Amino acid sequence: MDLRKLQRVIIDALEDVKAQDIRVYDTTKLSELFDRVIIATGSSNRQTRSLAMSVKEDVNAKGGEVISIEGLETGEWVLVDCGDIVVHILQPMLRSYYQLEGMWGAKPVRVKLAGSKGLVKASELEDDE
């Protein structure tokens, strides 16, 4: 799946379950393992788990692949590995403590989030296949 389309699918999945403070960072110069890091906040263990499962289901439904999910047991910090994009979903206290933006945030990627005019969800895009 194209990187931009995958990124849009993940953001839409996070927004569908009301993720807070979604940030996207270009990591191509920081890591050879992935091209983007997406960081989002969930307000509870239950919500972080739901956010991760939403990402997994939507990525799989659109033909992408979720390599692994870690942290579902506790739900405080869940990592979803989608190959080219790694998604970190944290509760507010952990996000504040670990400051992942300091590690990965050198190059933010501008994306349209819900509430922005003209936003088209991945589910509304026409398939090229």
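User: How many salt bridges does the structure hold, and what makes a pair a salt bridge?

Analyst: The structure holds seven salt bridges. A pair is called a salt bridge when a side-chain nitrogen of Lys or Arg lies within 4 Å of a carboxyl oxygen of Asp or Glu. This is a predicted model, in which local features need pLDDT of at least 70 and side-chain atom pairs count only at pLDDT 80 or more, while totals for chains, interfaces and linings use all residues. Residues are numbered from 1 along each chain as its sequence is written, and side-chain values use heavy atoms, with hydrogens and water left out.

User: Why is the pair Arg8 and Glu15 called a salt bridge?

Analyst: The closest N and O atoms of Arg8 and Glu15 are 3.9 Å apart, which is within 4 Å, so the pair qualifies.

User: Why are Arg8 and Glu15 called buried?

Analyst: Buried means under 20% relative accessible area, exposed over 50%, and partly exposed in between (1.4 Å probe, protein chains only). Arg8 has 13% and Glu15 has 14%, so both count as buried.

User: Is Asp21 buried or partly exposed?

Analyst: Asp21 has a relative accessible area of 39%, so Asp21 is partly exposed. Arg95, at 8%, counts as buried.
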